[in-house]
Number of protein chains: 2
Amino acid sequence: MQGDLLKPQHRCALRFNSGMTRLPSPEILISEVGPRDGLQSVKTTMPTADKLRWIDALAAAGLREIEVASFVPAQLLPQMADAAQVVQHALRHSGVRVMALVPNLRGAQAALQAGAQKLTLPVSASHAHSMANVRKTPEAMVEEVRAVLRLRDEIAPGVPVEVGMSTAFGCTLQGPVPEGDVLLLAAQLAQAGVDEIGLSDTTGMGNPAQVARLFKALFSEVGALTGAAHMHNTRGLGLANCLAAYEAGVRTFDSSLGGLGGCPYAPGASGNVVTEDLVFMFEAMGVSTGVDMNRLMAAREPLQAGLPGEPLYGMTPEAGLPKGWPGR
Amino acid sequence: MQGDLLKPQHRCALRFNSGMTRLPSPEILISEVGPRDGLQSVKTTMPTADKLRWIDALAAAGLREIEVASFVPAQLLPQMADAAQVVQHALRHSGVRVMALVPNLRGAQAALQAGAQKLTLPVSASHAHSMANVRKTPEAMVEEVRAVLRLRDEIAPGVPVEVGMSTAFGCTLQGPVPEGDVLLLAAQLAQAGVDEIGLSDTTGMGNPAQVARLFKALFSEVGALTGAAHMHNTRGLGLANCLAAYEAGVRTFDSSLGGLGGCPYAPGASGNVVTEDLVFMFEAMGVSTGVDMNRLMAAREPLQAGLPGEPLYGMTPEAGLPKGWPGR
């Protein structure tokens, strides 16, 4: 028991459940992006067998959504050459929704054929970043999204399609990104028929006030289509930004085990929010994630084994769980 | 200009001031604790001349409160043997309130004689931590505070006396610390006549929900006597906890340049909240601190020069200020 760390109502729920078998259903969804976002950012290619063992450990920790691969040409990203095989393996975990990133229609076709249960497409709010990242304008990417949605309707109508809007909080190429641009693009994507629209702080420029403001505006614009907060820890604000997003009503959070990936900047400055610290924060607050902290930290072992020497981040794994934490 | 990073009202203030010399007064106070909390936690003793140069750089960055020394027997903490000299030097900065930590009446007498402009006493909410730290019960420490207040009234009536309540969010020795114990102790301290009561997450066990709840309760208990949030970054939650405290109404935040000090735990796990990241977060949100980010980062140089080889932390210094930041 966490004692006074828990919100009173959650404490009651746990006490109530102590004589029952059913646990309260998780309040938020942690979407683990390490096997895709993390692995495609490191130079070394993790061997397929290690990837599968890592994904198994993530599933065992209770993660219910994992972005396992990116469907891009192998000559562009050799780290993702085994995408179809990884998706097929991950599908054996019935409690996990297997997500794949697809940059275009061709990738979507391959991902759906492999059996991906959710697709995510990156669409940049910054014109400059969009051209640099996918060599298409944001408008052309909305057209690509429409094509993916038509394909999905045809061959896999039950598969949700998410857009993660890159550079929503600022862009290193363009500088500030007007909030009106983000909301207009969101409206176009909603009109196109996507199932979820998330906002990504691709370059680590977001701050809690901005995160709260923009997600509230997104809720006003697209309502229940509002998706994940994908925050970076470039300047140390990752968790504070997730907290602000939570307070604004966001219930899905992207993060990466060991903070792997996502950092085009300084050495030592982790890019992605660290899953271990994120889960620790929410669980300590009494906001249930469905993830077991001890098993989550154990999932660092197969990650490290598959990428020997690669630096992993995370303050909670270094400090350990506090006295009184369940299972410590 | 930070463009869309600023709150509208703050943008107006800056625009208004562009033709004026007066800047808006800072909304929050960053209380820099590095020269005391940081330096007493590292084994190496920083030479006095380096301390003075570092404090000058901190003052030049716009910090308005600096905890410059601890008045304890030199045989216990040789790093603080020059406390009186350091206080006297710091007094030349008219914009800085020179604060000193004193564990007891004897330390208070020495600090007041040296000219300290504010005293801070540590009182533990956990009985076990109190015995380990100062070999007195919390009740005996309240008596010591009373004695310090009597002395202050006699010889330096204008000097505020703050209590930083240690282990307010949990204790590695005792485990959870009941919130009722914290509030009862706060009431006793208020009754004794202290000027400020802050709460310290000494062991890095706090979470944002708990921080918000306990500071709100403290406001209810002691009103305007509510003082600083002293958060640690042991499990990565330092900034999120400061954000939660800000939202609960706290306006003073302790932190340490380069995250120096405060970590009894894992190597690489910084203890104190990093001043650079904390100021970056608030300034990016449009919450003015009075601190100049560029000069603040420049103050790392004399710190590092005085402690060669000592690891400094901070994500913002590693990543640099974002595109569009003033003076970047």
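Biologist: Before we go on, what am I looking at?

Modeller: This is a predicted model, in which local features need pLDDT of at least 70, side-chain atom pairs count only at pLDDT 80 or more, and totals for chains, interfaces and linings use all residues. Residues are numbered from 1 along each chain as its sequence is written, while chains are lettered from A and ligands numbered from 1 in the order in which they are written. Helices (H or I, at least four residues) and strands (E, at least two) are DSSP runs, numbered from the N terminus.

Biologist: What makes H3(A) and H4(A) roughly parallel?

Modeller: The axes of H3 (residues 48-60) and H4 (residues 83-90) of chain A come within 10 Å and cross at roughly 30 degrees. That makes H3(A) roughly parallel to H4(A). The cut-offs are under 35 degrees for roughly parallel, over 145 for roughly antiparallel, 65 to 115 for roughly perpendicular, and oblique for the rest. Axes are lines fitted to C-alpha atoms, for helices over the stretch in contact, and angles run from 0 to 180 degrees between N-to-C directions.

Biologist: Which residues of H3(A) and H4(A) meet?

Modeller: Thr48(A), Lys51(A), Leu52(A) and Ile55(A) of H3(A) meet Gln85(A), Val86(A), His89(A) and Ala90(A) of H4(A). By class, that contact has 4 nonpolar, 3 polar and 1 charged residues. Nonpolar means Ala, Val, Leu, Ile, Met, Phe, Trp, Tyr, Cys and Pro; charged means Asp, Glu, Lys and Arg; the others, Gly among them, are polar. Contact means C-beta atoms, placed from the backbone, within 7 Å.

Biologist: How do H8(B) and H9(B) pack?

Modeller: H8 (residues 179-192) and H9 (residues 208-222) of chain B pack at an angle of about 35 degrees, with axes 10 Å apart. Their crossing is right-handed. H8(B) contributes Glu179(B), Val182(B), Leu183(B), Ala186(B), Ala187(B) and Ala190(B), and H9(B) contributes Leu214(B), Ala217(B), Leu218(B), Glu221(B) and Val222(B). That contact has 9 nonpolar, no polar and 2 charged residues.

Biologist: What makes the sheet of chain A a barrel?

Modeller: In chain A, 8 strands close in the order S1-S2-S3-S4-S5-S6-S7-S8, with parallel pairing. The twist averages 30 degrees from one strand to the next.

Biologist: How do you know that S1(A) and S8(A) pair?

Modeller: Pairing needs at least two bridges found by DSSP. S1(A) and S8(A) run parallel and are joined by 4 bridges. There, Ser31(A) stands opposite Asp254(A) of S8(A). S7(A) and S8(A), also parallel, are joined by 2 bridges. Ala229(A) has Phe253(A) as its bridge partner in S8(A). S6 (residues 196-200) and S7 (residues 226-230) of chain A pair in the parallel sense over 3 bridges, with Leu199(A) opposite Ala229(A).

Biologist: Which helix lies across S1 and S8 of chain A?

Modeller: H11(A) does, running at about 175 degrees to S1(A).

Biologist: In which order do the strands of chain B close?

Modeller: The order is S1-S2-S3-S4-S5-S6-S7-S8, a barrel of 8 strands with parallel pairing. S3 (residues 97-101) and S4 (residues 118-124) of chain B pair over 3 bridges. Met99(B) has Lys118(B) as its bridge partner in S4(B). H7 (residues 138-155) of chain B packs on this sheet, touching S4 and S5 (161-166), and its direction makes about 165 degrees with that of S4(B).

Biologist: How do you know that the two chains are related as by a two-fold rotation axis?

Modeller: Copies are superposed by least squares on C-alpha atoms of residues with pLDDT of at least 70 in both. A rotation of 180 degrees, with 0.0 Å of shift along its axis, puts chain A on chain B with RMSD 0.0 Å. The copies are thus related as by a two-fold rotation axis. In chain A, the C-alpha nearest that axis belongs to Ala240(A), 2.0 Å away.

Biologist: Why do we say the copies meet through the same surface?

Modeller: 100% of the interface residues of chain A are also interface residues in chain B, so the surface is the same. In contact are 42 residues of chain A and 42 residues of chain B. On the chain A side, H9 (208-222), H10 (238-247), H11 (275-285) and H14 (315-319) give two or more residues. H11(A) gives the most, with 5 residues. By class, that side has 21 nonpolar, 14 polar and 7 charged residues.

Technical notes. Contact = placed C-beta atoms within 7 Å. Left-handed = near helix turned anticlockwise from the far one by under 90°.
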